[in-house]
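My notes follow in the order of looking.

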Amino acid sequence: MRPSNKQRTGTTTQSTASATTPASAAAAPRRAARQSTRARRANATKVVRDATTVVQAAATKRTNPEDNTTKAAYSTKRVVLKGRLQSLPDLALEIQLEIYSYLEPRDLLFLSRTCKKFRSFFLDRQLNERLWERVWANTEGLPARPPFMSLPAFTYLLYSTYCHQCGAPNVRKIMFGFFRRLCKSCSGATNVSHHEAMREADQVDANYRYGLHSSLGFRISSHIAAQDRNTGFRSLTFGSSVPRDALDRFFERFKALPRPLTCKSRYAFFATVKEENRVVTEFACAVRDWCNRLEQQRQASLKDVRRERLEAIVDRLRECGWEKELDFMGATGLDIVSKMPVVRQSSKLTESAWAKIFPSLSRLLNTTREKRLKAEYSAALRKRFEALEQVITAHYVSLPRTARMDCRPQYIDLAFIPEIRAIADVPASEVVTADHFAAVVPAVVAKWEADQRKELTDYILPLLGDISPDVDPLSLAIACFIHRSVRGDHGYGALMRYPDIFARGCARVGGCDRADLAHENPYTRLARTSKWEPRLEGVDVGKHEMMSPLGVSTLAKPAQAKAVVDCLRGIVLALGLDPARATEDDLDAHDVWLHCVTCEARNKPRDAIWVYHWRSAYEHAMMNKYTHDIPGWRRVSEADMAVVHARVQSKQWSHKDSCKALWACSLCMTINARISAMQRHLEQTHGMIYCISRAIEEGTIYLHPSADKTEVTVNTVCLRERRVLA
């Protein structure tokens, strides 16, 4: 039976397929081989192209390391080319050597750690000369390689910051004398101290001793390089150490010397060791210098990065509204900010880093803002006190100036009066001028003078005894005041009278406790310690002179003040005047000098004889009060007064010229100076070139009320010099 067409077609198809199968099977491997060859060629071309790009970037980086654009492009290429150099070891050796010659030794070291192929290739000793030495020759500035180290090992020492013992990271210090890196724990475990090395040397060489140590112990101190605490190498001395293996090798070499030891063999061995140490030291010095230069470059790079980070942080803070605080900090404050851990990092500022930095700085910024506001308030308050002082001066002084005009209140006297404080104690943002004070000062100072007069009268009146109602107590010669700082057993204090007490700054010193002042409000602290000088916040108030408003709180206690009044009363009685009526002018007009009866009774016949003006009589009495009784007085005879007048006249002007009293210029509002400076002022400002005594006589200058009159007059005269026995 003949098959149908469908059956014939299927049969033909099957027979054809069976006939063509061997040919197709033979062609398939050839196609696969061709495809694989094309893929390898394309991959090799791509690898060479990528390697060329990397080499060109590395060469550009070496030629111009400061080009930031090249750095960025190079880093970008590295990220893009990541993983595409896996076929690089399969290239021809000459191509690889040409590529690697453009790299640096550190690049070869890092490549050798990437995979096993690279490690076996780069650490192949047969390629040292063709690969490593070529790279070292093309790299400038590297130290000379010691002959006992291979180039890969020396590169590992220079660039790998891992401990050679345990592999701990970040070990930057090298033990230069032994060409190794050790962490702190390994250094203590593997090194031998100076004392231990000397002790072991004494045991090894116990037969030859010099003093306390053997000759080997002495030699080991000068022939073996060691490491001190600061990782600097030197001779093995106090505070240094040496690795255990190096010390053991030294001892083994010494023990291996032929026996018996002779002096010649010993010295030959020591000379050999010393020469080896000298050679090692030369290479170690080169490594140390190279490491120091590298560290300096690293620190400079870190410093630049940190500076850029700080500048970025400062810009961010200015954008956030902290500009005034940053300006107030100044260079010192920014230096403190730069040393904070969150700021001092050597990385660029990012948004995530800024989110951590700002909370850390907020406390410092808020504290700085408080200090700035206090400083602004203090500066404004000082200017307001200056304006107040100017208004007071303008109210009291008119030209020509007199001594009474200088007896006026100072800013501290009015600072706590409610009308003045209401003007001065306002925020720094408000403007306060002299016109604001001028509106209230006349009434305020009038009331202040009345209150001061009443307070001083109530203070001194009980000490004066019985006086006539028609006599002003403050005008009496015995109505004197002294400061509370004058202690009863420490001499005497300068006498202060009304109204001269208003001109004395010492009458306003003190009057408040230092500890209490620290807890006062800013207005009170600044008013008591200002004196219109810059004052830094946080400085101890004890370093500043504290001031208080004028009042009896700054004066001596009544018992001490009564002793002064009684002393003056005795002097006035000795002059023949009535203490209940005599004034200071009466005492000056009464030309009488006094002898100290107490001193005359105590002195020997050959001692000098002194006479005293009433002012110096007070000083003499107060100085001798606590060693003897209050002295008695008798008047100088008329014959002796002639001698006194002659000697006073001969010393008067020379004494004035050399004194340190304060003088005032009547032609100026506030000029006060010593006598020499006042003479220059008259010549330069007023064109008065003549004797200073003429200026005093004409009233051009006068003694300032705060000055002690005993400084400008002769108040003590020696009537008879001490007799010298033959």
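**Entry 1: what covers H18.** I began with the cover over the buried residues of H18, which includes helices H14 (351–396), H15 (411–414), H16 (418–424), H17 (434–438) and H21 (558–575). I note here that the model is predicted. The buried residues of H18 are Val-441, Val-444, Val-445, Trp-448, Gln-452, Leu-456, Thr-457, Tyr-459, Ile-460, Leu-463 and Leu-464.

**Entry 2: the course of H18.** I checked the length next. H18 runs over residues 441–464, and its 24 residues should span 34 Å at 1.5 Å a residue; the end C-alpha atoms are 34 Å apart, so the two agree. Where does H18 bend? I find a bend of about 30 degrees at Asp-458, with a proline, Pro-462, following within four residues. After H18 comes Gly-465, with a positive phi near 85 degrees.

**Entry 3: H12.** Gly-321 follows H12 and has a positive phi, near 95 degrees.

**Entry 4: the chain as a whole.** I looked up the totals. The protein chain has 27 helices and 13 strands. Of its 726 residues, 40% are buried. Among contacts with a separation of 6 or more, 64% are between residues 24 or more positions apart. The chain exposes about 41,100 Å², and carbon and sulfur atoms supply 54% of that area.

**Entry 5: ring pairs.** I counted aromatic pairs and got 20. One of them joins Tyr-612 and Trp-633, edge-to-face, at 6.1 Å centre to centre and with 80 degrees between the planes. Which parts does this pair tie together? Tyr-612 is in strand S8 (residues 609–612) and Trp-633 in strand S9 (residues 633–635), so the pair ties together parts that are 21 residues apart in sequence. The cut-off for buried is under 20% relative accessible area.

**Entry 6: a phenylalanine cluster.** Ring pairs also link Phe-250, Phe-251, Phe-254, Phe-269 and Phe-270 into a cluster. I note that Arg-259 lies over the face of Phe-254, at 5.7 Å from the ring centre.

**Entry 7: Thr-155.** I looked this residue up in helix H7 (residues 151–159). Thr-155 has a relative accessible area of 0% and is buried. What does Thr-155 contact beyond its neighbours within four places in sequence? I list Pro-105, Arg-106, Leu-109, Trp-132, Trp-136 and Ser-160.

**Entry 8: His-590.** I found His-590 in the loop between helix H22 (584–589) and strand S7 (594–596). With a relative accessible area of 24%, His-590 is partly exposed. Leaving out residues up to four places away in sequence, His-590 touches Leu-575, Leu-577 and Arg-635. The C-alpha atoms of His-590 and Gly-576 are separated by 9.2 Å, and the two residues are 14 apart along the chain.

Notes:
Residues are numbered from 1 along each chain as its sequence is written. This is a predicted model: local features need pLDDT of at least 70, side-chain atom pairs count only at pLDDT 80 or more; totals for chains, interfaces and linings use all residues. Side-chain values use heavy atoms; hydrogens and water are left out. Helices (H or I, at least four residues) and strands (E, at least two) are DSSP runs, numbered from the N terminus. Buried means under 20% relative accessible area, exposed over 50%, partly exposed in between (1.4 Å probe, protein chains only). Contact means heavy atoms within 4.5 Å. Accessible areas come from the Shrake-Rupley method with a 1.4 Å probe; for residues, only the protein chains shown count as cover. Rings of Phe, Tyr and Trp (its six-membered ring) pair if their centres lie within 6.5 Å; planes under 30 degrees apart count as stacked, over 60 as edge-to-face and the rest as tilted. A charge sits over a ring if NZ of Lys or CZ of Arg is within 6 Å of the ring centre and within 35 degrees of the ring normal. The expected span of a helix is 1.5 Å times one less than its number of residues. The bend at a residue is the angle between axes fitted to the seven residues ending there and the seven starting there.
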